[in-house]
Amino acid sequence: MDLVSSLDPAIATRLKRDADGLVPAVVQDVESRDVLMVGWMDDEALHRTLTTGRGTFWSRSRQEYWVKGETSGHTQAVREVRLDCDGDTLLVLVDQSGPACHTGERTCFDADRLL
């Protein structure tokens, strides 16, 4: 991950990151309010999301940045980003084009209902 970021210091100081410098980002459809997916952001991914308006995340498995829809075409137009009261989770409100889940489902939370 990049150690130097262009993220606004006023935002960066409010973030509470895990040991790897990451914050979970819950992605929600701005209209339906369906929770679509969860991704991980470091300061640079958040900066890229805020400045491009495209959901940008850090892949923990590939150790690289990825933009939602860059290969699938199922893009996320970011409308709003909120930080929770503890500073340890982001809420990203998007206009989702196509399925949000890599399995082809609308959301990553359609498959297994536990209760």
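Reader: Which residues lie nearest the centre of the largest pocket?

Author: Met 37, Arg 62, Trp 66, Lys 68 and His 102 lie nearest its centre, among 24 lining residues. Lining residues have an atom within 4 Å of a point of the pocket, which is an open set on a 1 Å grid over the protein atoms alone, where a 1.4 Å probe fits, with protein on both sides within 12 Å along at least five of seven lines. This is a predicted model, in which local features need pLDDT of at least 70 and side-chain atom pairs count only at pLDDT 80 or more, while totals for chains, interfaces and linings use all residues. Residues are numbered from 1 along each chain as its sequence is written, and side-chain values use heavy atoms, with hydrogens and water left out.

Reader: Why is Trp 66 called partly exposed?

Author: Its relative accessibility is 23%; buried means under 20%, exposed over 50% and partly exposed in between, with a 1.4 Å probe and protein chains only. Trp 66 therefore counts as partly exposed, whereas Phe 57, at 0%, counts as buried.

Reader: What makes Phe 57 and Trp 66 a tilted aromatic pair?

Author: Rings of Phe, Tyr and Trp (its six-membered ring) pair if their centres lie within 6.5 Å; planes under 30 degrees apart count as stacked, over 60 as edge-to-face and the rest as tilted. The centres of Phe 57 and Trp 66 are 5.0 Å apart and the planes 35° apart, so the pair is tilted.

Reader: Why is the pair of Trp 58 and Tyr 65 called edge-to-face?

Author: The centres are 4.8 Å apart and the angle of 70° is over 60, so this pair is edge-to-face. Both Trp 58 and Tyr 65 are buried.
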